[in-house]
Amino acid sequence: MDAPWWQTAVIYQIYPRSFADADGDGVGDLEGVRRRLDHLVWLGIDAIWLSPFFRSPMADFGYDVSDYCDVDPVFGTLDDFDRLLADAHDRGIKVLIDWVPNHSSDQHPWFIESRSSRGNPKRDWYVWRDSGPDGGPPNNWRRAFTGEARWERDPETGETRRVPVPPDPEADTAAWTWDEGTGQWYLHLFLPEQPDLSWDEPAVVDAMHDVLRFWLDRGVDGIRADVIHAIGKDPELRDDPPEQAALPHATTNDHPRTHELLRDLRSLFDSYPGDRMVVGEVYLLDTAKVAEYYGSGDELHLSFNFPPLYTRWRADAWRRRIEEVAAHVDPVGGWPTWVLSNHDNARHRTRYGTEARARAATLLLLTLRGTPFVYAGEELGLEDAVIPGGSAVDPGGRDGCRAPIPWTADPGHGWGPDPWLPFPPDAGIRSAAVQQDDPASVLHLYRRALAARRGSPALRLGTLELLPSAPGTLAWRRALDDDQRVVAVSFSDDVADLGVEGDWSVEVASDRDGSESGAEAPATIEPDTALLLRPA
Ligand code: GLC
């Protein structure tokens with residue numbers, strides 16, 4: 001089986017502020033991550049992706065970088081990073097870092113220079129323009145984080161859904177900020193503190209490639225490239241069409257220039273030994289478009305595909321998502337990815353509304369064809385924290401999913417006295433320590449599912465064929481050579497026929513404690529559960 005590691009790996013996302021706090025200041029740090037590596041080994045993941053830990057004024061909690069080649073003191077030092085990387089590698093865990101190429105912080109020395117005068121040599125490193133014809137911003141692009149959506153619970157289904165919110169007509173939603181000093185506007189698809197770099201400037205390409213070399217030379221195995229679809233922009237900066245004008249431009253920017261830039265990026269990665277890889281955040285909610293970012297094997301190695309993350313807990317909706325991936329990603333030779341939770345969205349335990357569904361989703365995530373991403377804390381079945389009114393800290397309303405991970409049952413949960421965000425609900429009983437002792441816990445379910453995946457070439461690399469299944473359920477077969485598995489997921493409120501042909505035994509059931517392994521496959525499937533079956 002000659003596949004690169006990133007096709008068979010399960011990648012675990014760590015949001016460093018919220019993972020583990022070694023120095024007791026209430027904010028997680030790199031040394032905290034290092035001390036928890038054995039937990040990850042026990043769990044059975046293959047790689048970690050660290051969200052940004054670089055120097056940052058933290059307007060967007062690290063996605064506003066003021067020095068791409070140093071560690072922010074709140075997270076530790078470069079030596080801490082090197083120790084973490086070495087210890088991860090000693091344990092066979094690959095390490096991805098988060099590269100933020102679309103924008104820097106407004107406190108980055110590059111922007112400080114760029115802003116200092118129109119004639120500054122770094123002026124063109126950012127996107128500066130004169131006013132539009134009406135004296136306002138140069139075009140109608142909207143920035144992100146202007147209240148385009150909120151999460152709302154549907155009392156009928158128990159699901160929490162993202163509901164669009166029309167922008168406040170009074171609010172300044174422009175992706176442009178006027179600079180008094182030099183009398184021009186600068187572009188920022190996110191906060192005004194996150195000016196967009198201009199990838200039309202060759203010196204920017206060189207500088208950002210140097211950043212990658214800095215980390216690749218240190219030994220990182222790959223990068224997650226933040227909003228990578230946004231780096232290439234329309235050189236004429238034309239207005240967004242009316243039907244897109246209410247959306248943040250960062251969710252619609254899709255210009256051919258990005259593909260050229262990605263081919264250069266790929267060459268850089270290919271010049272390194274050892275299967276270094278790039279997973280891109282392509283935040284276009286359209287799988288056909290996402291698939292284009294694989295190029296013909298000469299752009300991204302992997303791309304996030306977010307439509308499934310916004311899909312309700314329904315069989316028909318999930319069938320469509322699985323079919324879309326097969327229809328668009330496979331034909332371009334791309335390898336799919338699956339993700340249910342991350343640091344930008346309500347956790348899927350919160351979205352789906354019940355623990356049973358979140359448990360069933362574990363087998364869904366870990367048995368589809370492609371590379372799964374697990375967001376730290378989902379293996380504990382964590383819900384989003386409730387953020388008391390007035391104490392939100394994130395400009396994008398994403399605090400809930402960034403609550404600190406509870407490691408121990410005691411009230412401190414392994415953190416310093418005043419963590420930067422409140423803990424998630426039931427933090428004591430959800431803590432890693434408590435769940436580790438309970439084979440029926442969500443944590444042990446993840447561990448069993450990950451072990452099953454590791455033990456089955458079909459689950460890691462095999463084909464996926466959807467099988468006929470009862471209404472409200474889905475079933476698929478994974479196959480590679482003579483290895484086979486069948487997965488059934490019920491999204492239904494009723495018991496349904498399992499109806500899988502042949503002789504199968506249970507390998508993992510989402511509602512059990514492991515003692516089910518080896519039992520004969522049942523004739524029916526319980527509501528909101530999933531079964532992983534192997535040949536009897
Ligand atoms: C990506 C990140 C998000 C960040 C934004 C701007 O979407 O996932 O957390 O706020 O980019 O960098």
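Modeller: The account below begins with a pair of helices, then turns to a sheet and its packing.

The model is predicted, so local features are considered at pLDDT of at least 70 and side-chain atom pairs at pLDDT 80 or more, while totals for chains, interfaces and linings use all residues. Residues are numbered from 1 along each chain as its sequence is written, and side-chain values use heavy atoms, with hydrogens and water left out.

Helices (H or I, at least four residues) and strands (E, at least two) are DSSP runs, numbered from the N terminus. Helix H5 covers residues 78–90, and helix H7 covers residues 202–218. The expected span of a helix is 1.5 Å times one less than its number of residues. H5 has 13 residues and extends 18 Å between its first and last C-alpha, close to the expected 18 Å. A glycine follows each helix: just after H5, Gly 92 has a positive phi of about 80°, and just after H7, Gly 219 has a positive phi of about 115°.

Axes are lines fitted to C-alpha atoms, for helices over the stretch in contact, and angles run from 0 to 180 degrees between N-to-C directions. The axes of H5 and H7 come within 11 Å and cross at roughly 50°. H5 and H7 are therefore oblique to each other; angles under 35 degrees count as roughly parallel, over 145 as roughly antiparallel, 65 to 115 as roughly perpendicular and the rest as oblique. Contact means heavy atoms within 4.5 Å.

Which residues of H5 are buried? Buried means under 20% relative accessible area, exposed over 50% and partly exposed in between, with a 1.4 Å probe and protein chains only. In H5 the buried residues are Leu 78, Asp 80, Phe 81, Leu 84, Leu 85, Asp 87 and Ala 88. They pack against H7, and also against helix H3 (30–35), helix H4 (37–43), strand E2 (47–50), strand E4 (67–71) and strand E5 (94–99). An α-helix has 3.6 residues a turn, so residues three or four places apart point the same way.

The buried residues of H7 include Val 204, Met 208, Leu 212 and Trp 215. His 209 also belongs to H7 and is buried, with a relative accessible area of 9%. Apart from its neighbours within four places in sequence, His 209 is in contact with Asp 264, Leu 265 and Leu 268.

The next topic is a sheet. Two strands pair if DSSP finds at least two bridges between them. An open sheet of 5 strands has the order E16-E17-E18-E22-E20, and its pairing is antiparallel. Strand E16 (463–467) and strand E20 (504–509) form the edges; each has a single partner strand, so one side of each is left without a neighbour in the sheet. On average, neighbouring strands of this sheet are turned by 25° against each other, direction ignored. Within the sheet, strand E18 (residues 483–490) and strand E22 (residues 530–535) pair in the antiparallel sense over 4 bridges, and Val 489 stands opposite Ala 530 in E22.

Two helices pack on this sheet. Helix H10 (residues 315–328) touches E16 and strand E17 (473–480), and its direction makes about 30° with that of E17. H12 touches E17, E18, E20 and E22, with a direction at about 50° to that of E22. Helix H12 (residues 355–367) has 13 residues and reaches 19 Å from its first C-alpha to its last, close to the expected 18 Å. H12 is mostly covered, since 11 of its 13 residues are buried; among them are Arg 357, Arg 359, Leu 363 and Thr 367.
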